[in-house]
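Subject: Structure for your study

Dear colleague,

Please find below the structure that I promised to pass on to you. My findings follow it.

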Amino acid sequence: MKKNLNFSLENEPQFAVAIIGAGPAGLAAAFGAAKAGAESVVIIERNYQPGGILNQCIHDGFGLHRYNESLSGPEYAARENNILQNKEIIDKITLLAGTFVQDLVPENQGFSLAVMSSGSFRVIRAAAVVLAMGCRERTAGAISLPGTRPAGIFTAGTAQRLMNMQNISVGKRAVIIGSGDIGLIMARRLTLESADVAAVTDIQPYPGGLDRNVRQCLHDFNIPLMLSTGVVKVHGKKRVEGITVAPLDTLGNLELSSSTYISCNTILLSVGLIPEHELARGAGAALDTSTQGPIVDQHLMTTVPGLFACGNVLQVHDLVDFVSEEAEYAGSCASNKVLTPPRLSIETTQANSTTLSLKVGSNLRYVLPHTITEPGRITLSMRVTVPEVNFRVHVARLEKSADRILLTKTFSRVSPSEMLRFTFNCDTVEPLEVYGESF
Amino acid sequence: MKTYDAVIVGAGVIGCAIARTLAQTNLSLLIIEKEPDTGFGISSRNSGVVHSGIHYAPGSNRAVYNVRGNRILEELCSELKVPYKRSGKITVAFSDEQVHILTTLLKQGTENGVPGIKLIDKNEMEILQPGTGGKAALYTPSTGIVSPYELTIALAESAYANGAEFRFNHTVKSVDLPDPAQHREHFLLHTEHVESSRTKRISYAAKVVINAAGLGSADIAKMAGIDEYTIYPCRGEYYVLDKRLRNSLNLLIYPVPGAHSSGLGIHLTNTVDGNILIGPSNEYIMDDEDTSTTINIMETLREEGHHLLPTLGGSDFIRNFSGIRPKLAPPEEGGFRDFVIESRSDIPGFINLMGIESPGLTASPAIAEKVKVLVGKLIPLQNRENIVRGRPVIHNTPFTEKSFSSCSKEEKSRLISHNPDYGSIVCRCEEVTLAEIKEAAARTLGPVTFAGIKYRTRAMMGRCQGGFCLQRLTEILRESFGITVEEQTLKGPGTELFMGSLRTSQTPDIKESL
Amino acid sequence: MNLSDQEKHIVEELTCIVCPKSCVLRVEKDKISGTITAIHNANCQRGIAWVTQELLHPTRSVCSSVLVENGTEPLTGVRTNQPVSRDDVFKVMGAIKSCRISAPVAIGAIVLENPGGVPCRVIATRAVGREDRKLETGSRKMKRKILIQLPT
């Protein structure tokens, strides 16, 4: 793989496929694109090394599906990087590190990307683009965190990066708001570093992360998990001094009379992730308000022809193995798009496409993909809204008829923190719906 | 000990405006500020509105200084390269009673000399801002918006370049008045200075003391023996909305003041940077340092925001903050009292500024003019030779007026080839580059803090609120400016972000990896 | 006095981690002796083995960081190459915290053997290159990070 920090490109270089992001999604997409025959692939990464968020995830649990091993984040990234070292693949790929995509504009049967790095501002062109920029964390402002704004409030991911990559200690006694996996992992991390985690709170009545993490990150260390609990006030003028929390009633209102004050000097927020959708939006792609990621067809192509999306920028994943799988597919679809002249015009394709819709109230928060353009094997991903046991998901024809159900998948337990993923063979392009039911 | 001709207590927008004006004379000038930087109080925590002047009683200080300030601010901002926009405003009436109030405001504004005001009907309102409710409105084209923190910084830099001295992290603790019996010809201000967890006591002598200490002005006045004033802190909370909505609002929309039966009568204000502010609220509080935001008010602001901008989504609310007004009017009275701008006859040499809340920002340059006149009666003034105008070079670092994010592609390319640091993005949401961070840190008059970098560059003000840039800023401050991880603060001593290193070098043997 | 069944047993629910099926196993333990008296919902032997171990002799892998000298980064990630007894986690952490290693560091490099007397190895999980120039504080240059050294 050609790697050069101060890559200077002459005369607006052209690539078959440009991939934005060299995290697990970008690396797998590059492999998928090159393997499927794309002549030239460029990966554009804003950090100085590939790996994305994996570089700061020093805990293990990655690669159980893909490699049958429990690896740490950087090890998984190194494996994915390794896959690209294949002789047939490696010469096709260029990595622009320390480079930021400032602008993505669809034009002239392709895209122009304005990219900048230290000392360089260029426009490069690509016939197809795969978005793989991952996601960002929801902030204190997004949850209207009440109280003061002293030093010592961090989002959990930021704290993770500061600790694991920059050797910075963020605090000695913490309260973690949000029991998603990032919050749970950081609870363990802080405890192993001899910091005190006074509590992990969550507004929901169930934990946001995997069972395994609740056991290994909280129960192991007797860290209290306060469910159905909201924040009343952050205290402290200069540094965090404490936080007042209170239980939430069934209507979601704080029961102030039952408030508890917890003293602490650090607050970590693990309150959700949002796909980095700015470039997609800027390029004109339509977004799904549930996922906050772009609307895609079964080839993971957005509503902008030639623009694909995969990984956390498409939907927030919990298993990186699925990210790699999804991204490799997106990369190969991008390559196919470039290599195969369209059999049908875009208009005809769009007229033929049918929308996979979601039955309201069936405990499915979202389903991907949103549209199906041609028959084939389709991977469906979805998440439920609330945990449930004995849950079925049906893929059915929209029109009511006796044999409308095409596929049913049964799950003994489902939870919002675990993405459901299965394939289904679509024989005819017709209006479909996906819905769930308990039994 | 050096005796300064004038010492200004407080480096908010008022103190810095006065500093700039006085620095252009031959006076020796010192500004004492308890925070690590200018404008950390209410000066950076307001709507940034340059008011027209319709709301104030004719002949009052507020009216007179506002109208004068409004007139000169545009040119001042142009000279100092501070973002300013004359956006105009409509004050909207929803009932006949409120329409009547508009006519009163029109009369008042005309008497105050406010240019261009007129009453407009629904059709004209619709043209100016489609979808606005209401029966009629008062249009004030002279209303503008400015970046209040950038203005304060620019005023301070101008003063600094013209010889004014600044002492940050210095808190005035007591004041000795001139007393011939004690052989004390001038004022003595005794301060406490915090640096690296140590507190030092330092005193300064001054012929003239100017009290521009905002929320602390009553305390300073008391130190000088002036007991008649009390400052009542009154907090206003705000929401900041995402820039993607910037085109929803063409001009400022305010309801008729005092006439709202429910809610807070929420203002929607554009900022020069393209955000929309919802707020402020109005709540008397006990603690003048309590810049909390509260659940109830945030909820009200959110509801009224949705009401006014139906397309608002949850993720559009990116941040809340609050500012505390230094009010002279006690809670039982409410409303506003006029600015106090006085040269004390009982304490010759003590110039007292009290209760400078809204429209203090707008009035600031005019207040500075007045204070110069008052000082001139105490000390003969001459113009300084070689006055440095515009936005000066500070610490050998020139000021770049145009932000990288506002440049065209060609301009960006040229900037990057000229200075490679323009190619490194530090704050992705606001598109702030390494070159701009370095420039801002270099130009900071006092110690560098994250808040100071934020106000100078807008880093950390975007939708991810530091999620991307905080770790990068930490590295830059460490590597380019030698500020260790333990020393890096959010906004001064006591607000250190980090608690040292996770792993420190200890005595065990260095192992080669096996 | 006879205790009722309910008072004799504690019931715990654990989600098995052996394979993606993630069966939720219901385990009954004797309140006094702590021995497992029944396991429900297990679909394979591996699950039974896992839950037995998890309740009686739980093991954990330990993941943390070690200080790196003269590297392009201050830390490398490390983990134990096999799970250790849960009771030994903090012993392993103690050894990890006081350890220093010098760059370059390759993924898989053995950093510690039998940390704190606990039988296992601690291996590096992130490659760190060697920083050739000493960092100058107050210098105006932005540090350039060298791309990761891929395992050969």
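Two residues are said to be in contact if their C-beta atoms, placed from the backbone, lie within 7 Å. Please bear in mind that this is a predicted model.

Chain C contains three helices and ten strands, and their order along the sequence is α-β-β-β-α-β-β-β-β-α-β-β-β. Of the 152 residues in chain C, 30% are buried.

Chain C also touches chain A. To this contact, chain A gives 28 residues and chain C gives 26 residues. On the side of chain A, the elements that supply two or more residues are helix 2 (73-83), helix 4 (156-166), helix 6 (211-218) and strand 26 (405-414). Helix 2 of chain A provides the largest share, five residues. By type, this side of chain A is made up of eight nonpolar, 13 polar and seven charged residues.

I turn next to the nonpolar cores. In soluble globular proteins, nonpolar side chains tend to be buried together. The largest nonpolar core here has 307 residues, and those touching the most other members include Val17(A), Phe308(A) and Ala19(B). Leaving aside residues up to four places away in sequence, Ala19(B) touches Ile8(B), Leu29(B), Ile31(B), Leu155(B), Ala156(B), Ala159(B) and Ala164(B).

Yours sincerely,
A colleague

Key
Residues are numbered from 1 along each chain as its sequence is written. Chains are lettered from A and ligands numbered from 1 in the order in which they are written. This is a predicted model: local features need pLDDT of at least 70, side-chain atom pairs count only at pLDDT 80 or more; totals for chains, interfaces and linings use all residues. Helices (H or I, at least four residues) and strands (E, at least two) are DSSP runs, numbered from the N terminus. Ala, Val, Leu, Ile, Met, Phe, Trp, Tyr, Cys and Pro count as nonpolar, Asp, Glu, Lys and Arg as charged, and the others, Gly among them, as polar. A nonpolar core is a set of buried Ala, Val, Leu, Ile, Met, Phe, Trp, Tyr and Cys residues joined through C-beta atoms within 7 Å. A residue is buried if 20 or more other C-beta atoms lie within 10 Å of its own, exposed if 12 or fewer, and partly exposed in between; C-beta atoms are placed from the backbone.
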